[in-house]
Amino acid sequence: MDVYAFDPFVPREVIEKDGIKGVDSVEELYSTCHYISLNIPATEKTKNSINLELLSKMPTGATVINTARKVINEVELKQVFVARPDFKYISDIMPDCHQDLLQFENRYYCTPKKQGAETAEANINAGLAAANQIVKFFKNGDKTFQVNK
Amino acid sequence: MTKILVATEKPFAKVAIEGIKKIITEAGYEIALLENYTDPKELLQSVVDVDALIIRSDKATKEVIEAGKNLKLIVRAGAGYDNIDLAAATAKGIVAMNTPGQNSNAVAELTFGMLVFMARGNFKGGSGTELKGKRLVFMPMEMWVRTLLVLLRASTWMCMHSIHLYRVK
């Protein structure tokens, strides 16, 4: 299996150091890959950004794995299912159109609850990291992981 | 004394709470727990006198942020932080953080499982397709670089070595 990635903030050579093939645009990714894993944070730019136009570019046998909240355009997702009998979608975020998508039973699956970080290890890691970050903040003024700069 | 509130509608694992308590108390701070709460008003009441707040998927709304008179820091234990009203936090000079990278391996492993599940026709017994020769992409875009690389390494290794899963430690 060949693995590709695109990130506007990570140079292609850095991505390729990890044995992953870099591409130059989002459009190139979609037209190249059979499987796409969405791991994007929800921001003003990314919300509803995975749409009919992008998903229509994927090669035959397209499968989208979505573990990111709010980035898929759910209205257009349903349109993709109708337009492409080869399209498959699996997610741990139940879309508002879940009931409508159940008709595509072998091409659609959604976990009953958000599942991505639900491991004992992730739970412990995140909790301890939060506590350590608080101590570093109050002791040293460390704001390394600040998200509202 | 600096006071830290851990507010979780869905609590941390017991071992995580013990670890959090140890880190906070050894630093000389006080810790308060609000677990399994069902009414957001409980969070409004509990946040009044704390200096920092740890949450999971709990909502740090504008009301919560304004109720925290001493609040200086909110940490979302996890990657996504759309449950924090960042504008309200910024307006009050409160720092908001997430804990990037801590759940990347969990997500990477789930992604791999989902990949196989769909390729094999939802495990319903029909003829599926193999992953060999297919092209997979991760689409992180603005994701934290560290999280991206952890995720890529974990999932890529598993995908590349999918016939040798016994080697996964």
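This is a predicted model: local features need pLDDT of at least 70, side-chain atom pairs count only at pLDDT 80 or more; totals for chains, interfaces and linings use all residues.
View 1. Residues are numbered from 1 along each chain as its sequence is written, chains are lettered from A and ligands numbered from 1 in the order in which they are written, and side-chain values use heavy atoms, with hydrogens and water left out. You'll find B:N83 in the loop between β4 and α4 of chain B (helices, H or I of at least four residues, and strands, E of at least two, are DSSP runs numbered from the N terminus). A polar atom of the B:N83 side chain sits 2.9 Å from the backbone oxygen of B:R56. Skipping neighbours within four places in sequence, B:N83 is in contact with B:I55, B:R56, B:S57, B:D58, B:K59, B:A60 and B:R76 (contact means heavy atoms within 4.5 Å).

**View 2. Where chain B meets chain A.** The contact draws 75 residues from chain B and 75 residues from chain A. Together the two chains bury about 6800 Å², 68% of it on carbon and sulfur atoms (buried area is the accessible area, 1.4 Å probe, that two parts lose on being put together, summed over both). Four salt bridges cross this interface (a side-chain nitrogen of Lys or Arg within 4 Å of a carboxyl oxygen of Asp or Glu). A:E118 and B:R56 form a salt bridge, with their closest N and O atoms 4.0 Å apart. Elements of chain B that each supply at least two residues to the side touching chain A include α1 (14-26), β3 (52-55) and α6 (145-160). Of the elements on that side, α6(B) gives the most, with ten residues. The residues there split into 48 nonpolar, 14 polar and 13 charged (Ala, Val, Leu, Ile, Met, Phe, Trp, Tyr, Cys and Pro count as nonpolar, Asp, Glu, Lys and Arg as charged, and the others, Gly among them, as polar).

**View 3. The nonpolar cores.** The largest nonpolar core has 30 residues, and A:Y30, A:L38, A:I50, A:L55 and A:F87 touch the most other members (a core is a set of buried Ala, Val, Leu, Ile, Met, Phe, Trp, Tyr and Cys residues joined through side-chain atoms within 4.5 Å). In chain A, α2 (26-32), β3 (35-38), α3, α4 (74-83) and β6 (108-110) give two or more residues to this core. Leaving out neighbours within four places in sequence, A:F87 is in contact with A:L55, A:A62, A:V64, A:L77, A:V80, A:F81 and A:R107. Apart from this core lies another, of 24 residues, among them A:A131, A:V135, B:I4 and B:V6.

**View 4. A:G61, a loop glycine.** A:G61 belongs to the loop between α3 (52-56) and β4 (63-66) of chain A. This glycine counts as partly exposed because its relative accessibility is 31%. Beyond neighbours within four places in sequence, A:G61 is in contact with A:H34, A:R84 and A:D86. A:Y35 is 26 residues away in sequence from A:G61, with 8.3 Å between the C-alpha atoms.

**View 5. Chain A as a whole.** Chain A has six helices and six strands, running β-α-β-α-β-α-β-α-β-α-β-α along the sequence. Of its 149 residues, 52% are buried.

How values were computed: Buried means under 20% relative accessible area, exposed over 50%, partly exposed in between (1.4 Å probe, protein chains only). A polar contact is a pair of N or O atoms within 3.5 Å; within protein, one must be able to donate a hydrogen and the other to accept it, and residues adjacent in sequence count only if both atoms are side-chain atoms.
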